[in-house]
Amino acid sequence: MDVNDLRGVHTLIIMAMFIGIIWWAFSAHRKKANEEASHLPFDDEEVAQRTLEREKTGKKQ
């Protein structure tokens with residue numbers, strides 16, 4: 001077994017890990033968590049409150 005064989009095995013292991021991560025991230029049981037995460041930027045009430053206050057006062061930063 002030479003170094004090129006080890007490189008090939010290393011590449012296969014890394015490829016299998018990558019495919020596993022993709023499968024895990026887009027699997028059906030992660031759908032709810034992904035939807036919640038996609039709405040996080042819009043759920044920040046503090047930012048919305050500051051934006052409304054700025055609009056009321058007419059200040060720009």
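Some ground rules. This is a predicted model, where local features need pLDDT of at least 70, side-chain atom pairs count only at pLDDT 80 or more, and totals for chains, interfaces and linings use all residues. Residues are numbered from 1 along each chain as its sequence is written, and side-chain values use heavy atoms, leaving out hydrogens and water.

Now the overall picture. The chain has three helices and zero strands. Helices (H or I, at least four residues) and strands (E, at least two) are DSSP runs, numbered from the N terminus. In sequence order the pattern reads α-α-α. The radius of gyration is 23 Å, well over the 10 Å that the globule rule gives for 61 residues, so the chain is more spread out than a compact globule. That radius is taken over C-alpha atoms, and the rule is 2.2 Å times the number of residues to the power 0.38. Along its principal axes, the C-alpha trace spans about 75 × 30 × 10 Å.

How much of the chain is buried? Buried residues make up 2% of the 61 residues. Buried means under 20% relative accessible area, exposed over 50%, and partly exposed in between (1.4 Å probe, protein chains only). The chain exposes about 6100 Å², and carbon and sulfur atoms supply 63% of that. These areas come from the Shrake-Rupley method with a 1.4 Å probe; for residues, only the protein chains shown count as cover.

Next, single residues. Ile14 sits in helix 1, residues 3-25. At 42% relative accessibility, Ile14 counts as partly exposed. From Ile14 to Phe26 is 12 residues in sequence and 18 Å in space, C-alpha to C-alpha.

On to the loop between helix 1 and helix 2. Ser27 is in that loop. Ser27 is buried, at 11% relative accessible area. Its C-alpha lies 20 Å from that of Ile14, 13 residues away along the chain. Arg30 is also found in the loop between helix 1 and helix 2 (31-38). Arg30 has 23% relative accessibility, so it counts as partly exposed. Arg30 and Ala48 are 18 residues apart in sequence, and their C-alpha atoms are 28 Å apart.

Last, helix 3. Just after helix 3, Gly58 takes a positive phi of about 80 degrees.
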